[in-house]
Amino acid sequence: MIRLTDVQKAFGSNRVLRGVNLHVPKGTSMVIIGGSGTGKSVALKCVLGLVTPDAGLIEVDGKDVRSGDRDAFLARFGMLFQGGALFDSLPVWQNVAFRLMRGALKRPKAEAREIAIEKLRRVGLKPDVADKLPAELSGGMQKRVGLARAIAAEPEIIFFDEPTTGLDPIMAGVINELIREIVTEMGATAMTITHDMSSVRAIADNVAMLHEGVIKWTGPVAQMDASGDPYVDQFIHGRAEGPIEAVR
Ligand SMILES: Nc1ncnc2c1ncn2[C@@H]1O[C@H](COP(=O)(O)OP(=O)(O)OP(=O)(O)O)[C@@H](O)[C@H]1O
Ligand SMILES: [Mg+2]
């Protein structure tokens, strides 16, 4: 469904992506791990076209993402941004239903609101949150509103950038299960970035580790513990000692 071939991206002298190769089969869940600042968020933004790569090819469903109709392309995606990126002047339910209130997916207002409340419930938020503004919510609640928005239009492809960061362990478990369900029941293709190893194990079919601008290791999650890759081992065990330098 998604294929990156030799994708490169630099910001000035900062060579972030130095030839990323990655394949995410349709209906599977890929989790990207890697140190802070290694380019995980940039890689997702390249697929969406929010960041333009300097070189390489990105294909979705066999088509170069630079070709074709942009609106139709984006309509297939849902995205949870790492920083939430909620619209701060819109109440929660209108954030969640944003796409359902305009364009091709436009529904009557009452129906859009109903769908929003149902999606809020799926991320563990009560209906009374619907009419609040994002600033009135805690950080973890805002994250969950972002998640509800990402899944609201039931997209084919969903990107989650740090979906469980800032959530308590129980809520993180709920969100992990939700992501798993979206892939297995709705047949969506998912790419998730996380630092949370319990989340990796709960969500992933396949794992890819980004380090120094390339995919250092990728494989089925069941093979991660026996990868034999010292970078992967250091990362998944959170060791200070190893080939990955702690100062970046
Ligand atoms: N728009 C931008 N302009 C300049 N530099 C950028 C931009 N976006 C990202 N970078 C740089 O690219 C590098 C990778 O950033 P990115 O956000 O992808 O990291 P990350 O792997 O997602 O890290 P984290 O785990 O902390 O979220 C960083 O050095 C960052 O400063
Ligand atoms: Mg990031």
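Which residues are the closest of those that surround ligand 1? In this predicted model, 13 residues surround the ligand, and the closest of them are Ser36, Gly37, Lys40, Ser41 and Gln82.

## The surroundings of ligand 1

Several polar atoms of the protein lie beside oxygen atoms of ligand 1, and they come from side chains as well as from the backbone. A polar side-chain atom of Ser36 is 2.5 Å from an oxygen atom of the ligand, while a polar backbone atom of Gly39 is found 2.9 Å from an oxygen atom of ligand 1. His195 also takes part, with a polar side-chain atom that lies 3.2 Å from an oxygen atom of ligand 1. Taken on its own, ligand 1 has 640 Å² of accessible area, of which the protein covers 62%.

## Helix α1

Helix α1 is mostly covered, since eight of its nine residues are buried. The buried residues are Lys40, Ser41, Val42, Ala43, Leu44, Cys46, Val47 and Leu48, and two residues of this helix, Lys40 and Ser41, are also among the closest to ligand 1. Just after α1 comes Gly49, which takes a positive phi of about 85 degrees.

Helix α4, made up of residues 109–122, has 14 residues and reaches 20 Å from its first C-alpha to its last, which is close to the 20 Å expected at 1.5 Å a residue. Within α4, the residues Ala112, Ile115, Ala116, Lys119 and Leu120 are buried. Seen down the axis of α4, these buried residues fall within an arc of 140 degrees, so they line one face of the helix. An α-helix has 3.6 residues a turn, so residues three or four places apart point the same way.

The cover over the buried residues of α4 includes α3 (92–96) and α5 (139–152). On the other side of α4, by contrast, Ala110, Glu114 and Arg121 are exposed. Just after this helix, Gly124 takes a positive phi of about 80 degrees.

Ile117 is found in helix α4, where it counts as partly exposed because its relative accessibility is 24%. If its neighbours within four places in sequence are left aside, Ile117 is in contact with Pro127 and Ala130. The C-alpha atoms of Ile117 and Pro127 are separated by 5.7 Å, although these two residues are 10 residues apart along the chain.

Asn176 belongs to another helix, α6, which consists of residues 169–184. With a relative accessible area of 6%, Asn176 is buried, and, not counting residues up to four places away in sequence, Asn176 touches Thr164, Ser198, Ser199, Ala202 and Ile203.

Asp6 has a phi near 50 degrees, a positive value in a residue other than glycine. The place of Asp6 is in strand β1, residues 2–11, and with a relative accessible area of 37% Asp6 is partly exposed.

For Glu154, phi is likewise near 50 degrees, again a positive value in a residue other than glycine. Glu154, however, is found in the loop between α5 and β7 (157–161).

Technical notes: Residues are numbered from 1 along each chain as its sequence is written. Chains are lettered from A and ligands numbered from 1 in the order in which they are written. This is a predicted model: local features need pLDDT of at least 70, side-chain atom pairs count only at pLDDT 80 or more; totals for chains, interfaces and linings use all residues. Side-chain values use heavy atoms; hydrogens and water are left out. Helices (H or I, at least four residues) and strands (E, at least two) are DSSP runs, numbered from the N terminus. The expected span of a helix is 1.5 Å times one less than its number of residues. Buried means under 20% relative accessible area, exposed over 50%, partly exposed in between (1.4 Å probe, protein chains only). The arc is that of the directions from the helix axis to the C-beta atoms. Contact means heavy atoms within 4.5 Å. A residue is near a molecule or strand if one of its heavy atoms lies within 4 Å of it. A polar contact is a pair of N or O atoms within 3.5 Å; within protein, one must be able to donate a hydrogen and the other to accept it, and residues adjacent in sequence count only if both atoms are side-chain atoms. Accessible areas come from the Shrake-Rupley method with a 1.4 Å probe; for residues, only the protein chains shown count as cover.
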